[in-house]
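Colleague: Could you show me how to read a few features of a structure like this one? I am new to it, so please go step by step.

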Amino acid sequence: MVLFCLIAAAFFYGKPLVTHLFSGEFSFSWPSLIHIKNGDDVVTTAKPSFSSKPNLSISLEGVHSPYAILIDMDKHTVLAEKNSTQQIYPASLTKMMTAIVAIEETKNFKETISLTEEMFTPLYINHASIAGFSPGEKVRKDDLLYGILLPSGAECCLAFATDISSSEKDFVELMNKKAKKIGMKNTHFTNTIGLHDTAHYSTTEDMAILLSYALENKTFYKAFTTKNYTSHATTEHPDGVAISSTMFTYLDGIVIPGGDIIGGKTGYTTEAGQCLASLAKINGKEYILVTAGAAGDPKTENLHISDAITIYSQLSGTPN
């Protein structure tokens with residue numbers, strides 16, 4: 001009877017669980033959530049399962065980031081990890097959660113939001129990154145979304161937060177509820193931007209769960225994998241605002257064997273170090289890599305980028 005229940009559950013949850021159950025290669029673990037699609041949006045998703053036999057051809061030795069996790073997107077399994085359940089400060093990787101909550105709470109991306117002077121004042125004080133929009137400007141919501149994910153625009157985060165909720169604090173409650181719902185067990189947010197706060201923390205494993213979830217949404221996927229974007233015209237910017245992905249700027253044409261890094265979100269604070277959540281397509285398969293804690297700052301060597309190249313390059317020779 002127990003075996004029958006396990007088999008029935010495996011077919012209910014989908015093929016990846018069947019593979020884990022019978023191949024002998026992966027440990028059995030119940031997904032905390034399953035894929036439930038509503039149009040283009042995914043309401044919830046399965047948490048990646050750790051494999052009992054990590055891919056021995058993938059080495060994290062010598063990488064600069066002390067925290068890392070590599071996910072096979074097709075099987076939702078972890079190929080390699082280092083300190084992936086230890087607490088980190090996520091810095092601007094936070095904005096992936098801000099973006100997906102904004103997407104799920106927005107019905108019409110052609111609508112505009114007025115950016116107020118009050119939004120910008122704390123950003124100037126904290127030297128937060130700005131996408132390039134101005135106080136008083138009315139900006140379309142789709143432009144604000146790209147402003148979050150490409151140049152890490154903090155004003156775009158606050159615009160969505162105040163439009164969707166009565167305050168950033170209330171929007172952060174939505175972020176924390178979403179984190180719990182999708183299985184991020186070691187994460188807590190206090191702001192939408194990723195400003196340092198000892199109560200604002202996560203793990204690379206949780207960030208991988210978040211990215212895995214968010215990429216199932218077509219709107220998020222398209223923005224996350226865009227290199228360059230020009231916003232719609234406004235009174236302040238009649239030619240639009242040209243914005244570029246920080247990660248692709250750092251890559252500067254670098255390629256990896258057998259594929260490419262096709263999307264990513266960078267992050268940095270003094271306490272967090274250099275962080276990167278990225279998506280690569282290698283030999284026709286997609287992988288997620290999240291790294292955090294690399295030494296340096298935006299003016300020094302991009303160690304999070306070199307780590308991604310080192311790790312992804314090892315996948316070109318692995319079997320599918």
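This is a predicted model: local features need pLDDT of at least 70, side-chain atom pairs count only at pLDDT 80 or more; totals for chains, interfaces and linings use all residues.

Colleague: Which residues is Gly 136 in contact with, leaving aside its neighbours within four places in sequence?

Modeller: For that, look for heavy atoms within 4.5 Å. Here Gly 136 touches Leu 115 and Glu 236.

Colleague: Now a helix residue. Is Asp 170 buried, exposed or partly exposed?

Modeller: Buried is under 20% relative accessible area and exposed is over 50%. Asp 170, in helix α7 (residues 168–181), has 28%, so this residue is partly exposed. Its side chain also makes a polar contact with the side chain of Ser 166, at 2.3 Å.

Colleague: And how do I read two helices together? At what angle do α3 and α8 pack?

Modeller: Helix α3 (residues 94–104) and helix α8 (residues 204–214) pack at about 30°, and their axes are 10 Å apart. Angles under 35 degrees count as roughly parallel, and therefore α3 and α8 are roughly parallel to each other. The crossing of α3 past α8 is left-handed.

Colleague: Which residues meet there?

Modeller: From α3 come Met 96, Met 97, Ile 100 and Glu 104, while α8 brings Met 207, Leu 210, Leu 211, Tyr 213 and Ala 214. By class, that contact has 8 nonpolar residues, no polar ones and 1 charged.

Definitions and conventions
Residues are numbered from 1 along each chain as its sequence is written. Side-chain values use heavy atoms; hydrogens and water are left out. Axes are lines fitted to C-alpha atoms, for helices over the stretch in contact, and angles run from 0 to 180 degrees between N-to-C directions. Helices (H or I, at least four residues) and strands (E, at least two) are DSSP runs, numbered from the N terminus. Angles under 35 degrees count as roughly parallel, over 145 as roughly antiparallel, 65 to 115 as roughly perpendicular and the rest as oblique. A crossing is left-handed if the near helix is turned anticlockwise from the far one by less than a right angle, and right-handed if clockwise. Ala, Val, Leu, Ile, Met, Phe, Trp, Tyr, Cys and Pro count as nonpolar, Asp, Glu, Lys and Arg as charged, and the others, Gly among them, as polar. Buried means under 20% relative accessible area, exposed over 50%, partly exposed in between (1.4 Å probe, protein chains only). A polar contact is a pair of N or O atoms within 3.5 Å; within protein, one must be able to donate a hydrogen and the other to accept it, and residues adjacent in sequence count only if both atoms are side-chain atoms.
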